[in-house]
Amino acid sequence: MSAALDSLLDLLDLEQIERDIFRGTSRSAVVPRVFGGQVAAQALVAAGRTVPAERTAHSLHAYFLRAGDPGAPIVYSVDRIRDGRSFTTRRVVAVQHGQPIFHLSASFQSHEEGLEHQADMPAAPDPETLPTAAEMLPRYADRFSDPGMVDRLIEARAAVDLRYVDAPPFGTVGEAREPRSQVWFRTNGKLADDPLLHVCMATYVSDMTLLDSVLLAHGRGGWAVGDVVGASLDHAMWFHRPFRADEWLLYDQESPSASGGRGLGQARIHTADGRLAITVIQEGVVRVPREPGMSTT
């Protein structure tokens, strides 16, 4: 296991301070706020720790309310909304400095058999033939005004082996492309067999690239380039079938719409053998910065 993955696992191992109250810390991010995938994954950890182990997460719905302070602890308060015969529902509020920064509702289900069908897995190259982040990112160093950006991006992704099928948004700045992006990902090391850990790790990664397809449609490079500003607004995931986050997963993403200063991303995550594991939808603020001196009225 890599040191970075070990550090991420420590981040997800929340401290329990009361029966349904947990505390987490943060790690440095590319932007000066708590990474959204981190707070979503930690909130799901908090919810899952109040649920019987035989019930696994099948969906989550979340809102990002305020930018998180990476220098302060985050307190997660869990409400036990319902414990039914088959389903368990939890609500989690993440608080910093006395204010809620994030809200999550999650549902868990006991295993049962039922009808089966799924969308086919799209075509994609073998992930082993694609460059790693450490190999790919230095190629685009001239796209970033901050000379330390490449190193920060590599550090932010050190726990996860994430490989783009095609050039990322900052690789084709100024060139509008089809609003679709594919990445393969897996953790940089083996994980324990706990199903909650794997869904929380996938939740963490799901916020890394989902809005890329919005940027591609307009030839924008993204937050690291500085030609857009924005943040996640809401996030939803459905976990359809068992999977392992330490084995290759194909994240197939597209954007059906952008309007009103917001962009929508939707995606399917397949296992390498073609099983549809997760569906993800996210909307985020995506704004073009105003030019210096431009009127704000």
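Q: Is His218 buried or exposed?
A: In this predicted model, His218 lies in the loop between helix 6 (212-217) and strand 9 (229-239). The cut-off for the exposed class is a relative accessible area over 50%. His218 has a relative accessible area of 52%, and therefore counts as exposed.

Q: How far apart in space are His218 and Thr89, C-alpha to C-alpha?
A: Along the sequence, His218 and Thr89 are 129 residues apart. Their separation in space, taken from C-alpha to C-alpha, is 39 Å.

Q: To which class, buried, partly exposed or exposed, does Ser259 belong?
A: Ser259 has its place in strand 10 (residues 249-259). Because its relative accessibility is 41%, Ser259 is classed as partly exposed.

Q: What distance separates the C-alpha atoms of Ser259 and Thr203?
A: Ser259 belongs to strand 10, whereas Thr203 belongs to helix 5. The two residues are 56 residues apart along the chain. Their C-alpha atoms are separated by 26 Å.

Q: How are helix 1 and helix 5 oriented to each other?
A: Helix 1 (residues 3-12) packs with helix 5 (residues 195-209), and their axes are 12 Å apart. The angle between them is about 105 degrees. Angles from 65 to 115 degrees fall in one class, and the two helices are therefore roughly perpendicular.

Q: Which residues of helix 5 make the contact with helix 1?
A: From helix 1, the contact draws on Leu5, Leu8, Leu9 and Leu12. By class, the contact of the two helices has 7 nonpolar, no polar and no charged residues. On the side of helix 5, the residues are Leu197, Met201 and Tyr204.

Q: How many of the residues of helix 2 are buried?
A: Helix 2 (residues 36-48) has 13 residues. From its first C-alpha to its last, helix 2 reaches 18 Å, close to the 18 Å expected at 1.5 Å a residue. Helix 2 is mostly covered, and its buried residues number 13 of 13.

Q: Which residues does Ala41 touch, not counting those up to four places away in sequence?
A: Ala41 is found in helix 2 and is buried, with a relative accessible area of 0%. Its C-alpha atom is separated by 7.2 Å from that of Leu12, 29 residues apart along the chain. Beyond four places in sequence, Ala41 touches Leu12, Cys200, Thr203 and Tyr204.

Q: Is Thr203 buried or exposed, and which residues does it touch beyond four places in sequence?
A: Thr203 is a residue of helix 5. At 0% relative accessibility, it counts as buried. Leaving aside residues up to four places away in sequence, Thr203 touches Gly37, Ala40, Ala41, Leu44, Leu60, Met237 and Phe239.

Terms used: Residues are numbered from 1 along each chain as its sequence is written. This is a predicted model: local features need pLDDT of at least 70, side-chain atom pairs count only at pLDDT 80 or more; totals for chains, interfaces and linings use all residues. Side-chain values use heavy atoms; hydrogens and water are left out. Axes are lines fitted to C-alpha atoms, for helices over the stretch in contact, and angles run from 0 to 180 degrees between N-to-C directions. Helices (H or I, at least four residues) and strands (E, at least two) are DSSP runs, numbered from the N terminus. Angles under 35 degrees count as roughly parallel, over 145 as roughly antiparallel, 65 to 115 as roughly perpendicular and the rest as oblique. Contact means heavy atoms within 4.5 Å. Ala, Val, Leu, Ile, Met, Phe, Trp, Tyr, Cys and Pro count as nonpolar, Asp, Glu, Lys and Arg as charged, and the others, Gly among them, as polar. The expected span of a helix is 1.5 Å times one less than its number of residues. Buried means under 20% relative accessible area, exposed over 50%, partly exposed in between (1.4 Å probe, protein chains only).
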